[in-house]
Amino acid sequence: MAQNAATTKNHYSHHQVFDMSIDVPAGNASKCYDDDGRLKRTGTIWTASAHIITAVIGSGVLSLAWAIAQLGWIAGPAVMFLFSFVIYYTSSLLADCYRSGDSISGKRNYTYMDAVRSNLGGVKVKVCGLIQYLNLFGVAIGYTIAASISMMAINRSNCFHESGGKNPCQISSNPYMIMFGITEILFSQIPDFDQIWWLSIVAAVMSFTYSSIGLALGVAKVVATGTIRGSFTGISIGTVTPMQKIWRSLQALGDIAFAYSYSIILIEIQDTIKSPPSEAKTMKKATLLSITVTTAFYMLCGCMGYAAFGDLAPGNLLTGFGFYNPFWLLDIANAAIVIHLVGAYQVYCQPLFAFIEKWAKEKYPKSEFISKEIQIPIPGSRPYYLNLFRLVWRTVFVIVTTVISMLLPFFNDVVGILGAFGFWPLTVYFPVEMYIAQKKIPKWSTKWLCLQMLSIGCLIISIAAAAGSFAGVATDLKAYRPFKTSY
């Protein structure tokens, strides 16, 4: 592509970024282009699974021991299996909404909003967009905070080791958030979702690395003590008050539900998959593979962590092992968390980047600042195409999320609230309603009633979890000092 707008039109159209098509007759895909006139998609079950695992197995896996500790040996694993099934089922419903009409040749919906627009329409489209992109923004802030905590943990463990535990090693989180932000500014210049497959694979490997370390340390602690701790009903009254038990149980329910949630970016992931076979078929296989792997890891890490610590299971499994033996292994685990979060940040933010860039291009079609791409030759590789609007807007976005992270370091609780409000509509309500509309399921039929009961049940869980997160925020605000967080 040359350095002008005319030739820009013939360059690959970033799958979600530009809603441009080349004149290829609908349904007649060529060797280079798909049936919608866009460059051939190259995604497979493996790249889709990598995207899903990167999105799902976040550092939140390390808090599942705490969640199971609140619920106990019976309810904890049962709730985990229940939500894995719910997420798989609703994700399968959503995968069928990628194409409108025929599952092989129907019109493609490139984003979640497009799917809602095609199947439901009206004000629901705007509600969906608001909830989806607000959640993506919140996730970016939560990941910045989580990454800074892991980077500080590495520094503190080394400090403790060198001083023999004499130095308290108080460290500010701000420099680490800034470092993470600078890294994300660089990676955010990757043009679109289809081009970050390699980053997702690296991130997925990292997630298995730190999860495996947490699991191994949990097993080692159980073997060393010779006892499996915990109880059937979870944390005992006395360790916490009855009211704390209720709030913690609600929060744990939410933590487990949200730990599986990736519907927010499912359609965008599906838009990277090649066909034949149909994208829905590949996506369902990728979903089954990913949810199975994820559930196995969640069960192992959560249950072994609870067995190791019992009622005292920490919010972050790795911090529960202290800063010493073996401190180098914990450093590796925390470094893996940081690398994983770098990739996960991009997996979640690419749909938001694409939405804004598509909107800007439609709003100002003649603006060279928005549409022109500058060719930058890279020796030994394909040239990089620099778009000034993409450079400025994505950089500003990362800076804003970094500043908010420093301003509200307890934002993880706020993200919990966003997650509670996002879980039901995006993971359950819209997929169910779109499925009903698409398959024309009669009102008050058995299937319709079952789907509505599923939706209402998940709504109740979302409200309960939000209440638990609000209680957490109220506690955090009592000791709040902006830009002054240290660990």
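**Core, salt bridges and surface patch**

C128 counts as buried, at 0% relative accessibility, where buried means under 20% relative accessible area, exposed over 50% and partly exposed in between (1.4 Å probe, protein chains only). C349 likewise counts as buried, at 0% relative accessibility. The number of disulfides is 0, a disulfide being a pair of cysteine sulfur atoms within 2.5 Å.

The structure is a predicted model, in which local features need pLDDT of at least 70 and side-chain atom pairs count only at pLDDT 80 or more, while totals for chains, interfaces and linings use all residues. Residues are numbered from 1 along each chain as its sequence is written, and side-chain values use heavy atoms, with hydrogens and water left out.

The largest nonpolar core holds 116 residues, of which Y298 and F397 touch the most other members. Such a core is a set of buried Ala, Val, Leu, Ile, Met, Phe, Trp, Tyr and Cys residues joined through side-chain atoms within 4.5 Å. Helix 11 (residues 327-363) supplies the largest share of this core, 16 residues; helices (H or I, at least four residues) and strands (E, at least two) are DSSP runs, numbered from the N terminus. Leaving aside residues up to four places away in sequence, F397 touches F137, A140, Y345, C349, L352 and F353, with contact meaning heavy atoms within 4.5 Å.

Charged side chains form 5 salt bridges, each a side-chain nitrogen of Lys or Arg within 4 Å of a carboxyl oxygen of Asp or Glu. One of them joins R99 to E279 at 3.0 Å, N to O. This pair links distant parts of the chain, 180 residues apart, with R99 in strand 1 (residues 99-100) and E279 in helix 10 (residues 279-309). Both R99 and E279 are buried.

E357 forms another salt bridge, with R394, the closest N and O atoms being 2.7 Å apart. Because E357 lies in helix 11 and R394 in helix 13 (residues 388-407), the pair ties together parts that are 37 residues apart in sequence. E357 is buried at 4% relative accessibility, and R394 at 0%. Through shared partners, salt bridges also join R99, R108 and E279 into one network.

On the surface, W197, W198, I201, V202, V205 and I339 form a nonpolar patch with about 520 Å² of accessible area together. Patch residues have over 30% relative accessible area and no salt bridge; like charges are joined within 9 Å, and nonpolar side chains (Val, Leu, Ile, Met, Phe, Trp, Tyr) within 5 Å. Accessible areas come from the Shrake-Rupley method with a 1.4 Å probe, and for residues only the protein chains shown count as cover. Helix 7 (residues 197-225) gives the most to the patch, with 5 residues. V202 lies in helix 7 and is partly exposed, with a relative accessible area of 35%.
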